[in-house]
Amino acid sequence: MEINNILVVSPMFKQLQQLIEAEKLQKQFRYSSEQDFNKEALAWADALVAFNLKDNFDYSHVKWVHSLGAGVDRFLYQKKWDENVLLTRTICSFGQRIAQYCLSYILKDIQLHDTFHKNQLQKRWEPKTPKLLQEHKVMIFGTGEIGQTVAKIFSELGMTVYGVSLSGAQKVSFHEVLTMENFHSHLSDVNYIINTMPLTEKTSGFFNEDFFKCVHEAGFINVGRGASVNERALLEAIGQKRIKFAVLDVFSVEPLSIESLLWEQDNVYITPHISAVTTPEEGFACFIQTLNNIENNLPLNNQVDVKKGY
């Protein structure tokens, strides 16, 4: 595949421009903010590098689209995609970042941070013994690269780690990988639930009332996609103490509306989609590597299966 004209559309396009120009590539580049992205610039391009696509644009003439994020639901979910257009995604430190994000909240729970802080405010000396990580079980929904990295770190710390995927194919670092049909038998036994799944037709609204009915006093962490969670069902599960706490980094609509009841829950922790941020340096490095692989007909470990949506 021959790529000559590359359009970079991103909130961080200026930082990317500096990095790309320092590389002195024999390509033509144009740079734009998402607000200034227009059809004329797209018509010029052989390749597009971006976080988002505008719905009313035709991308069929572009040879290659590269997502600056790990997820590609903004490119594929409930959209038509020309299968002749190559789609790749960014792979970098997302797994490490998300694993550390999740681990921080699990340790916060196990080490009784909230309990001791409340006691401190009341000047109460009330010793309690924190439990150990190896006494706990976690179920990770999504066993792709991010899910596998989270599983590796947690299993090395002694936790029992279950995975859930469409195929149920067994993977290293998971005690067992279950399918979407047979995970329920283990769900009531796990202490923590982590969603890393991409947003597809099969995962939209996946964490619903029926799901939460099978949960027993577990912590719920969503670092996948907000639309995978039925927020009303989650609130009910919190009220019924099936979910003892929820950590939410992603939402169906972002920013989260100030009217949302999630803001008001004492045991809900909200972060503004920061669990796995693409830095300019990492975004640049993955883009350059992918460009090199394309032009040299090398394998693409970050190519998206547009039929599956991930």
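Is Asn297 buried or exposed? I looked it up, and Asn297 is exposed, with a relative accessible area of 67%. The cut-offs I used are under 20% relative accessible area for buried, over 50% for exposed and partly exposed in between, with a 1.4 Å probe and protein chains only.

**Ground rules**

I am working on a predicted model, in which local features need pLDDT of at least 70, side-chain atom pairs count only at pLDDT 80 or more, and totals for chains, interfaces and linings use all residues. Residues are numbered from 1 along each chain as its sequence is written, and side-chain values use heavy atoms, with hydrogens and water left out.

**Backbone entries**

I stayed with Asn297. Its phi is positive, about 55°, although Asn297 is not a glycine. I placed Asn297 in the segment after helix H10 (280-295). Helices here are DSSP runs of H or I with at least four residues, strands are runs of E with at least two, and both are numbered from the N terminus.

I noted Glu217 next. Glu217 also has a positive phi, near 50°, and is not a glycine. I found Glu217 in the loop between helix H8 (209-212) and strand S10 (218-222). Glu217 counts as partly exposed because its relative accessibility is 46%.

Then I checked omega. The peptide bond from Glu254 to Pro255 is cis, with omega near 0°. Pro255 sits in the loop between strand S11 (243-248) and strand S12 (268-270). I logged these entries because most residues other than glycine have a negative phi, and most peptide bonds are trans.

**Sheet entries**

I traced an open sheet of five strands. Its order is S2-S1-S3-S4-S5, with parallel pairing. The edge strands are S2 (28-32) and S5 (86-88), and each pairs on one side only. Two strands pair if DSSP finds at least two bridges between them. The twist averages 15° from one strand to the next. Axes for this are lines fitted to C-alpha atoms, for helices over the stretch in contact, with angles from 0 to 180 degrees between N-to-C directions.

I looked at one pairing inside this order. S3 (residues 47-50) and S4 (residues 64-67) run parallel and are joined by four bridges. Ala47 stands opposite Trp64 in S4.

I also looked at S6 (residues 137-141). S6 is mostly covered, with four of its five residues buried. S6 pairs with S7 in the parallel sense over five bridges. Met139 stands opposite Tyr162 in S7.

**Aromatic entries**

How many aromatic pairs does the structure hold? I read off 21. Rings of Phe, Tyr and Trp (its six-membered ring) pair if their centres lie within 6.5 Å; planes under 30 degrees apart count as stacked, over 60 as edge-to-face and the rest as tilted.

I picked out Tyr105 and Tyr269, a tilted pair at 5.9 Å centre to centre with 45° between the planes. This pair links distant parts of the chain: Tyr105 lies in helix H4, Tyr269 in strand S12, 164 residues apart. Tyr105 counts as buried because its relative accessibility is 16%.

I then took Phe207 and Phe220. They form an edge-to-face pair, 5.3 Å centre to centre, with 65° between the planes. Phe207 is in the loop between strand S9 (192-195) and H8, and Phe220 is in strand S10, 13 residues apart. Phe207 counts as buried at 0% relative accessibility. Phe220 is buried too, at 0%. Ring pairs link Phe141, Phe183, Phe206, Phe207, Phe211, Phe212 and Phe220 into a cluster.

**Pocket entries**

I turned to the pockets. On a 1 Å grid over the protein atoms alone, a pocket is an open set of points where a 1.4 Å probe fits, with protein on both sides within 12 Å along at least five of seven lines; lining residues have an atom within 4 Å of a point.

The largest pocket has a volume of about 1100 Å³. A volume is the space filled by probe spheres set on the points, which are joined across faces, edges and corners. The largest pocket is lined by 50 residues, and Ala70, Gly71, Ile146, Thr196 and Pro198 lie nearest its centre. H6 gives the largest share of this lining, three residues.

The second largest pocket has a volume of about 650 Å³. Its lining has 26 residues, with Asp109, Leu112, Thr115, Lys244 and Phe245 nearest the centre. H4, helix H5 (113-121) and S11 each supply at least two residues of that lining.
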